[in-house]
Amino acid sequence: MEIKNSYELPLSKERVWAALNDEEFLKRSIPWCEKLERRSETELAAEVKLKIGPMSTRFTGNITLSDIDPPNGYTITGSGKGGIAGAASGSAKVKLLENKDASSTTLSYEVSAQVKGKIAQLGSRLIQSTAKKLSKNFFGSFVKQLEDMDKPQ
Amino acid sequence: MSEGIGASVLRKEDKKFLTGKGRYTDDINRSGQTHAYFVRSDVAHANIKSIDTKAASAASGVVAVYTGEDVAADGIGGPICGWVVPCRDGSPTKEPPHPILANGKVRYVGDHVAVVIAETLAQAKSAAELVEVEFEELPAVVDLESASSSAEIHKEVPDNCYFDWELGDEASTDKALESASRVVKLQVKNNRLVPNAMEPRAALAEYDDVSESYTLHTTSQNPQLTRLVIAAFMFQIPESKLRVVAPDVGGGFGSKIYVYAEEAVCTWASKKINRPIKWTADRTQAFLSDAHGRDHINNVQLALDDNNKIIGLRVDTICNLGSYLSAFAVSVPTYLHGTLLSGVYDIPAIYTNVKGMATTTAPVDAYRGAGRPEATYLLERTMDAAAREVGMDPTEFRRLNFIPKDAFPYQTQVALQYDTGDYEPQLDQAMEMIDYKNFENRRSEAAKRGMYRGIGVSTYIEACGIAPSAVAGALGSRVGLYESASVRVDPTGTITVFTGAHSHGQGHATTFAQIVSEKLGVPLANVDLIHGDSEKNSFGMGTYGSRSLAVGGAALVKALDKVIEKSKKIAAHLMEASVEDVEFNEGKFAIAGTDKEKAFGEIALAAYVPHNYPHETLEPGLEESAFYDPLNFTYPSGAHIAEVEVDPATGVVEVVDWAACDDFGNLINPMIVEGQVHGGIAQGIGQALLENAHYDENGQLLTASYMDYCMPRADDLPSFKVGYTNTPCTHNDLGVKGCGEAGAIASPPAIINAVIDALSPLGITDMSMPATPLKVWKAIQDSQSVAAE
């Protein structure tokens, strides 16, 4: 399964890159994320609770960062187990492109994902729409947090 | 009104079912019962590196957790293959082991990795989540056409090919194709189906350590065979130490013929924990692990001469048999498919090659029709394609090639000998029923409404009443296919019939009682039927292949004849006459030429209260058994005509009218027969328009619920017009042929032919099953873009 999308963020490339590498910041931007811990430079452990169609499942898994090219992008590879609901794995290529006025950045990603077990059997056709909804939520809260930080206290 | 043969009496079993009093396996509970839940593979193909059951074993309520190692340690074998065929190169069918819990490797999503047995189902399910399985994933094998060059699934199955089989005369067929004035070529695909019986599979297994015997209640179409396979082949225990009961069973359609892993695992484990174990599949498990149906790709070449007569037929088939060989998987695409390729047509040369492939998908086996729907679909699609190419009406092209009625018994070029049949009258009658001659008016009227209307014909034949044991044995069957019946007459004349056939929707309690009523002249209410219990019933082969009546009913007639024969002797004694002078009519034994007579009840009483009884020549009692092995298959045939309307805006195909004229020989209960025809057509409409089991490229089943697997519903079906012709079967006493599968065999090509006919003004000549709205809409769009260029 392939998912492609891009977002225009009203922030500089460096700002976005820094945020993308700050696990505490990321965790706050992901409302369904229950745990995100850095294990090493390139490894994180995550626990997320997701609702896909009829299934509400907690996934635990590991995330690896590779092809790190600051501040232009990286590849996130992860796999998570959702117990009886099955498992998911995949990778996302994230790229940052500075727009002409330098005050905004286009973030694009290409996800290739595989789902197994009950998620595939019951929810596969819902994954595209779920992913769209989740990424919209994520980037919404990602931008809002950065903007809030910029506001005078 | 007569309650005997030919009467549409209401079904005796319906009061029970309609008032919720049916007793299915899951309704039965035992004290101390535990619950099993299976840990299944969520990957299609992998080596098992490790299974950690520690946490699961320690979880609340867990009684035991077992894996394939435990099964292997106890020497428990897997389900066996009930039918094998020789390959073209002389080698046998490749039969890889089929462990009931995976031992080292999983081969499809749903494959059984471990079983968790706990006090409650919820506890078993929770603990199952704690079983840690580490897989080393291997490439999935999903695509049928490239399966032979894909990853090896079993080391015993080179090139993932279980068998490469042939039937017919290749040289003469290829000669016909070379000399033909026209060769019609077509590739058709028979979509993969999930059987979807209303009641999912279930098991209740118990072990009695006093008698050292097992009892298994299960959802089976043939409990006696289940007992034989589990006891003798899998457990290697005395057969008498296992009782198998199939109580009320809510539909089978073939999927409940086979012994599956779950039933065997529960039976085995019930002794290990010495407690009863209940297992009932949920719907997702049914989708994943019930044997699927169909899944063929057929390449067809039909040779015609100058006069549009068929002179040869070649069919090259590859079929998907899935990850393991299910019990009758091998017979379905071979001897239940290749032998039907002559259809109702006089074809002088036929050759077929079938390759049965392994893939990392669920096992594939018989599903309503089993091989015959696939044969009928490819042949009837080809007949329409040929008619279109030569510019003939499809009904006229068929007529030209029908086996003439004076040619029976007709020997086909693919092993079968049709005993009787007459194909033109059934086509005439179906055409009359649907008003074929005025169809073009209806097409024009629909066109004014913006709809494309089409009509499609299917003239089918099937071989059922499975089967003559000698023939089946010669063709590779490892079992006999006779049937048993016992008739027990009580002292007051009421009757209990015991049959080896099994009713799971067919209405045997009614039809078998009608046969008794007809033969003995007793009221229907006085006849009860016992089936489905290996402890009560004689060994029999169960119900599939439209065999219950043609084989089991014929066995019943033989047992009833023995009852009558003995009754005549008793009557002769009681009335002091010679046996030759006793006549039996409408329940009365009379002495010819006198007014002396005895009612059947009086004879029964004399048999059990033998105060005045010919002890020197007869035993007391009135109870007889018979086994019947048929001389030939039976050959139901018929003409089905579908009329559809396609909405070009949405691609939705609506089946607007249906005429079915079938020759099932004599009918015992026309109402039940009509119900079977309706059900069969509904399943055929499901296959043709709605249903499709789809695995993604990783071997994940994406259609594993009713959200994604579309079953036919009432509003998908028209009101069916059902009619009959009758050429009675020549080789059973009832003259019956069987009707259970006909609708599902006849209907898919009728619908697709009708859809193609509807879209023919757009230049569309092909459509694959299921003809979903998206597929039809795309075809319409493509045809319009072609037209625009």
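**Exercise 1. Is the crossing of H14(B) and H15(B) right-handed or left-handed?**

Solution. The model is predicted, so local features need pLDDT of at least 70 and side-chain atom pairs count only at pLDDT 80 or more, while totals for chains, interfaces and linings use all residues. Residues are numbered from 1 along each chain as its sequence is written, and chains are lettered from A and ligands numbered from 1 in the order in which they are written.

Step 1. Locate the helices: H14 spans residues 508-520 and H15 residues 548-574 of chain B. Helices (H or I, at least four residues) and strands (E, at least two) are DSSP runs, numbered from the N terminus.

Step 2. Take the geometry. The two helices pack at an angle of about 35 degrees, with their axes 10 Å apart. Axes are lines fitted to C-alpha atoms, for helices over the stretch in contact, and angles run from 0 to 180 degrees between N-to-C directions.

Step 3. Assign the hand. A crossing is left-handed if the near helix is turned anticlockwise from the far one by less than a right angle, and right-handed if clockwise. The crossing of H14(B) and H15(B) is right-handed.

Step 4. List the contact (C-beta atoms, placed from the backbone, within 7 Å). H14(B) contributes residues including Phe512(B), Ile515(B) and Val516(B), and among those of H15(B) are Leu549(B), Leu556(B) and Leu560(B). By class, the contact holds eight nonpolar, four polar and one charged residue. Here Ala, Val, Leu, Ile, Met, Phe, Trp, Tyr, Cys and Pro count as nonpolar, Asp, Glu, Lys and Arg as charged, and the others, Gly among them, as polar.

**Exercise 2. Determine which strands stand at the edges of the four-strand sheet of chain B, and which helix packs on the sheet.**

Solution. Step 1. Write the order: S18-S26-S27-S28, an open sheet with mixed pairing. Two strands pair if DSSP finds at least two bridges between them.

Step 1. Find the ends. S18 (452-461) and S28 (720-725) of chain B each have a single partner strand, so one side of each is left without a neighbour in the sheet.

Step 2. Check one pair. S27 (653-663) and S28(B) run parallel over six bridges, and Ala660(B) stands opposite Val722(B) in S28(B).

**Exercise 3. How many residues of domain 1 of chain B are in contact with domain 3 of chain B?**

Solution. Step 1. Domain 1 covers 15-138 + 198-251 + 256-289, and domain 3 covers 482-628. These bounds come from an automatic or database domain assignment.

Step 1. The centres, taken over C-alpha atoms, are 39 Å apart.

Step 2. The contact joins 15 residues of domain 1 to 15 residues of domain 3. On the domain 1 side, H6(B) gives the largest share, four residues.

Methods:
Contact = placed C-beta atoms within 7 Å.
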